[in-house]
Amino acid sequence: MNTDSFKAMIVKEDNGKYIREIGNKNIADLPEGEVLIKVKYSSLNYKDALSAIGNKGVTRNYPHTPGIDAAGVVESSDNHLIKPGDQVVVTGYDLGMNTSGGFGQYIRVPAAWVVKLPEKLTLKESMIYGTAGFTASLSLYKMESLGLAPTGNEVLVTGASGGVGSMAVAILSKAGYNVVAATGKPGKEEYFRKLGAKSVIHRDDVNDTGGKPMLKGRWQAVIDTVGGNILATAIKSTRRHGLVAVCGLTLSPEFNTTVFPFLLREVCLIGIDSAECPMTDRAKIWNKISNEWRLETLADIYTECSLEELDNKIDLILNGKISGRTVVNLEL
Ligand SMILES: NC(=O)c1ccc[n+]([C@@H]2O[C@H](COP(=O)([O-])OP(=O)(O)OC[C@H]3O[C@@H](n4cnc5c(N)ncnc54)[C@H](OP(=O)(O)O)[C@@H]3O)[C@@H](O)[C@H]2O)c1
C-alpha cells in the first residue's frame, strides 16, 4: 500500500446486487473539499446500513464508502480556521451518502461541515454519540426550546434499544426527565435502568390497534425513532400541550392519525433532521453533549469493532438486532 492509498469499506453494484468488501482507495479519488481528515473513529447508524445495501434514497452511485459519522485529525486544510493537527468531528450533511464516508481511513469534506472536537470529549467518545446521540440531543434541544422541562410526568422513547433510542433514554434521564423505554427486545430491563430509565415497557403496549382517535393522555413528550402505528399511538396518548419529536422510520415511514390530538390537546409534532442542522445550533448542541448532558453511562452503550467486523454488524442493525451504539475503530 503506498502512502496515498488507504483502507475502506467499498460497496459495489454487480448486476443489481450490492457487495461489501474491504479494499484500498486513493486519496486523489476523494471528492473536492477544503479539509482532508485522517479518520480515527466512525460509527454505525441505520442510514449507513441502508447505504450499504444499495438504498438509492440514501446513495445514488456506487462504488461507494458509507459512514455518515467520522472523527479524526486534520491532515491538510485550505481554511484558515481549521489547522492540520486539529481534532474534528463530521456528522451528517452528505457524508457517507454521496460523499465518501467514515468507513474509510480518510475523508475530504467542505470546511462548513467540520466541528472542532468539543473540549471535554475524546474522538472515540464523540463517535459513541455520533449521529444517533446528536439526533437524540437535537430532539431534546428543540423540545426544550418550545418550553419542555422536567415535571415528573412520563417521557416516552420508542425503539429504545437502538442507537438513537438508547441515547435518547440516557440523555433525557441525565436532563432530569422521567423516562419510559419502549422496546421489542425482552430482558433489557437492566440495560435501560443503567441508562436511567424509570420504566421499561414492551413496544406492543404502545402499538394501539383499537382504532380510537384519542387515548388517555400519558406522555409529557415523546422521542419516536420508529414511525408507523407506534408514532400514531404515541400522538394520541400524549398529554395536553405535549411534544412529539419524529426522528425515524424503522417500523414504517407512514402513519395514520386524525386532527383530534392537535385540536383537543394542542399536541405539537416536531420534525428532526440532524443531517442539515445549522452550524450555530450544531455547536450549541455539541456543547450541551459535552457539558450538562454528558453521560457517565457511555461505557454501557457501545461496542467497538474494526472495519472487517462491520459487515456482520450491518446485517444485525438491518434486522433490529443491535443494542446501543457501534463504534468503528479505523486503526484496528
Ligand atoms: N431524523 C434524523 O436526523 C435521524 C438521525 C438518525 C437516525 N434517524 C432514523 O432513526 C431511526 C433509528 O436509527 P438508529 O440508527 O437508532 O437505528 P437502530 O440502532 O437500528 O435502532 C432502531 C430500533 O428500532 C426498533 N425497531 C426495529 N425494527 C422495528 C420494528 N419493525 N417495529 C418497531 N420497532 C422496531 C428497535 O428497537 P427496540 O427493539 O428497542 O424496539 C431498533 O433497535 C432510523 O429510521 C434512522 O434512519 C433519523
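I began with a charged pair: the side chains of D300 and K194 meet in a salt bridge, 3.9 Å from N to O. I note here that the model is a predicted one.

**Domains.** I looked up how the protein is divided. Domain 1 takes in 5–117 + 299–329, and domain 2 takes in 131–271. I then looked up the distance between their C-alpha centres, which is 29 Å.

**Interface.** I asked how many residues of domain 1 are in contact with domain 2. The count is 14 residues of domain 1 against 14 residues of domain 2. The size of an interface is often given as the accessible area lost when the parts come together, so I looked that up next. Between domain 1 and domain 2 the buried area is about 1100 Å², and carbon and sulfur atoms give 57% of that area. On the domain 1 side, D300, I301 and S323 lose the most area to domain 2; together they make up 41% of what that side buries.

**Helix 3.** I checked the length of helix 3, residues 163–174. Its 12 residues, at 1.5 Å a residue, should span 16 Å. I then asked whether the helix is mostly covered or open, and found it mostly covered, with 10 of its 12 residues buried. The buried residues are G163, G165, S166, M167, A168, V169, A170, I171, L172 and S173. After helix 3 comes G176, and its phi is positive, near 100°.

**Backbone angles.** Most residues other than glycine have a negative phi, and most peptide bonds are trans. I therefore listed the places that depart from this.

Where is the cis peptide bond? It joins Y62 and P63, with omega about 0°. P63 sits in the loop between helix 1 (46–52) and strand 4 (69–77).

Y93 is not a glycine, yet its phi is positive, near 50°. I found Y93 in the loop between strand 5 (87–91) and strand 6 (106–109).

For H241 the relative accessibility is 49%; exposed would need over 50%, so H241 counts as partly exposed.

**S290.** My last entry is on S290, which is in helix 7, residues 279–290. With a relative accessible area of 4%, S290 falls under the 20% cut-off and is therefore buried. I looked for what surrounds S290. A polar atom of the S290 side chain lies 3.2 Å from the backbone oxygen of N287. Leaving aside neighbours within four places in sequence, S290 is in contact with P118, K120 and L121.

Key: Residues numbered from 1 in each chain as written. Predicted model: local features only at pLDDT ≥ 70, side-chain atom pairs only at ≥ 80, totals over all residues. Heavy atoms only, no water. Helix = DSSP H or I, 4+ residues; strand = E, 2+ residues; numbered from the N terminus. Expected span 1.5 Å × (residues − 1). Buried < 20%, exposed > 50% of the residue type's maximum accessible area, 1.4 Å probe, protein only. Domains from an automatic or database assignment. Contact = heavy atoms within 4.5 Å. Buried area = accessible area lost by both parts, 1.4 Å probe. Salt bridge = Lys/Arg side-chain N within 4 Å of Asp/Glu carboxyl O. Polar contact = N/O pair within 3.5 Å; in protein donor to acceptor, adjacent residues only side chain to side chain.
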